[in-house]
Amino acid sequence: MNRPANLTLNVNGATHVVSAGVDTPLLYLLRNDLALNGPKFGCGLGECGACTVLLDGIPTRSCVTTARVALGHEVTTLEGLGTRTALHPVQQAFILEQAAQCGYCLNGMIMTAKALLDRDPHPSDDTIRRELSRNLCRCGTHVEILRAVHRAAELLAARRGELEGERV
Ligand code: FES
Ligand code: FES
């Protein structure tokens, strides 16, 4: 039985208590209870990547991840990366490269790219293609998305340079 209980979720650096069964998909709690609409419902089967969030920094498909799995872990959604007035460099890069048509895949692309750049600040084309290969884009925006990830790497490197400069 998936009886409702008070569940404590750590999302984007804040603690939230929601009333839900532990087997409820994390995506439903994020979108319906916490009004975080960055993660999208695409296939609902773990296949397309539109619902990707970071679970302790690891790209995770929230449509097939239950609340039980998320308990005690840090969930980051697109809303946790940046704000409208202070975008995260990965968000900035996707805008600068106009890497979207309908935009439905972008949440998954950006979250996956962010996790990749955290691990590998200067990924090769092959690495980016491999990492994003399970995020589906029906509009065929792949070339722009590839460019956006490289641009994000440059923006992040520049930002690191500025911070190092400030410390000197
Ligand atoms: S909606 Fe989750 S992978 Fe497609
Ligand atoms: S831009 Fe439409 S699905 Fe990727």
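## A loop residue with positive phi

Asp 56 is placed in the loop that lies between E3 and E4. In this predicted model, Asp 56 has a positive phi of about 50°, although the residue is not a glycine. Asp 56 counts as exposed because it has 12 C-beta neighbours inside 10 Å, the cut-off for exposure being 12 or fewer.

Gln 98 is another non-glycine residue with a positive phi, again of about 50°. Its place is in the loop between helix H3 (89-96) and H4. With 11 C-beta neighbours inside 10 Å, Gln 98 therefore counts as exposed.

## The sheet

The strands on either side of the Asp 56 loop, E3 and E4, belong to an open sheet of five strands. The order across this sheet is E2-E1-E5-E3-E4, and the pairing is mixed. Strand E2 (14-20) and strand E4 (58-61) are the edge strands, each pairing on one side only. From one strand to the next, the twist averages 45°.

Strands of a sheet pair through backbone hydrogen bonds, in either a parallel or an antiparallel manner. Strand E3 (residues 52-55) pairs with E4 in the antiparallel sense, over four bridges. Within this pair, Val 53 has Thr 60 of E4 as its bridge partner.

## Helix H4

Helix H4 packs on the sheet, where it touches E3 and E4. The direction of H4 makes about 30° with that of E3. The helix covers residues 106-119, 14 residues in total. From its first C-alpha to its last it reaches 20 Å, close to the 20 Å expected at 1.5 Å a residue.

Eleven of the 14 residues of H4 are buried, so the helix is largely enclosed by the rest of the structure. Among them are Leu 106, Met 109, Ile 110, Met 111, Leu 116 and Leu 117. The buried set also includes Asn 107, Thr 112 and Lys 114.

## The chain as a whole

The secondary structure of the chain comprises six helices and five strands. Read from the N terminus, the elements follow the order β-β-α-β-β-α-β-α-α-α-α. The radius of gyration is 16 Å, close to the 15 Å that the globule rule gives for 168 residues, so the chain is as compact as a globular protein of that length.

The C-alpha trace spans about 50 × 40 × 25 Å along its principal axes. Of the 168 residues of the chain, 36% count as buried. Among contacts between residues at least 6 apart in sequence, 57% join residues at least 24 apart.

How values were computed
Residues numbered from 1 in each chain as written. Chains lettered and ligands numbered in written order. Predicted model: local features only at pLDDT ≥ 70, side-chain atom pairs only at ≥ 80, totals over all residues. Helix = DSSP H or I, 4+ residues; strand = E, 2+ residues; numbered from the N terminus. Expected span 1.5 Å × (residues − 1). Buried ≥ 20, exposed ≤ 12 C-beta atoms within 10 Å, placed from the backbone. Pairing = 2+ DSSP bridges. Axes fitted to C-alpha atoms, helices over the stretch in contact; angles between N-to-C directions. Contact = placed C-beta atoms within 7 Å. Rg over C-alpha atoms; globule rule 2.2 N^0.38 Å.
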